[in-house]
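Here is a short briefing on one structure. Look it over first, then read the points below.

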Amino acid sequence: MIMSSSPYLVNAMLEDVDFSVPARLLEVGSGKGVFTREIIRRMHPHSSLDVNDIKREYNPWINDLIAAHPHKQVRLYNDCVTQLLREQGPYDVVVSSLPLKNLEDDRAFLYRVLEAIRDSLKPGGVYLQYQYFKSNKQDVENVFGKKLSGMNFVLFNVLPAFVYRMVK
Ligand SMILES: C[S@@+](CC[C@H](N)C(=O)[O-])C[C@H]1O[C@@H](n2cnc3c(N)ncnc32)[C@H](O)[C@@H]1O
């Protein structure tokens, strides 16, 4: 991880999530928790949040956030997202920082990841994903079998990013 996502990108990803209702939320690729912090702050008291990162090295940051919000239902999972999604779900919202572009070398794996996310969503559930240079937009659309439901551009981030919104 070179640099965490900016507050502008965090806001753009989360602005269309309806936090006023209880929901099952999943965050994938949490890193040190720049999205996690904001999701925990905004989430409904009766919502649950599963936080996933394949690496353990970021656990101290996520565990600190969990400890600071004992009344919020938040669990951390260190696993590949494909493994987690075999056991958990269904979700109302998936917020993903997965670097899809980096997974491209193994397209079968990239598609397994996207299909696992699709399958883990409830009908009407929302998948939010940021990417640079509109990469993998077509792959997301292929897997969901339709065009993105929305796309925002966030200039103030290193690098500028597109936010994909896909409603299942
Ligand atoms: C670009 S970082 C995002 C960090 C932070 N959310 C942000 O936006 O600044 C991507 C994260 O995805 C995690 N990741 C990569 N492949 C993964 C996989 N297959 N399953 C779960 N997490 C994965 C990496 O460990 C890394 O922390």
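**R42 and its surroundings**

Leaving aside its neighbours within four places in sequence, R42 is in contact with L14 and F19. Contact means that two C-beta atoms, placed from the backbone, lie within 7 Å. The model is predicted: local features need pLDDT of at least 70, side-chain atom pairs count only at pLDDT 80 or more, and totals for chains, interfaces and linings use all residues. Residues are numbered from 1 along each chain as its sequence is written.

- R42 sits in helix 2, residues 34-42. Helices are DSSP runs (H or I, at least four residues), numbered from the N terminus.
- R42 is partly exposed, because 13 other C-beta atoms lie within 10 Å. The cut-offs are 20 or more for buried and 12 or fewer for exposed, with partly exposed in between.
- S20 is 22 residues from R42 along the chain, and their C-alpha atoms are 8.6 Å apart.

**Helices 5 and 6**

- Helix 5 (residues 107-120) packs on helix 6 (residues 137-144) at about 50°, with the axes 10 Å apart. Axes are lines fitted to C-alpha atoms over the stretch in contact, and angles run from 0 to 180 degrees between N-to-C directions.
- The angle makes helix 5 oblique to helix 6. Oblique is what remains after under 35 degrees (roughly parallel), over 145 (roughly antiparallel) and 65 to 115 (roughly perpendicular).
- From helix 5, L110, Y111, L114, E115 and R118 meet D139, V140, V143 and F144 of helix 6.

**The ligand**

- The ligand is surrounded by 18 residues, and S5, G29, G31, I54 and S97 are the closest. A residue counts if its C-beta atom, placed from the backbone, lies within 6 Å.

Definitions and conventions. Helices (H or I, at least four residues) and strands (E, at least two) are DSSP runs, numbered from the N terminus.
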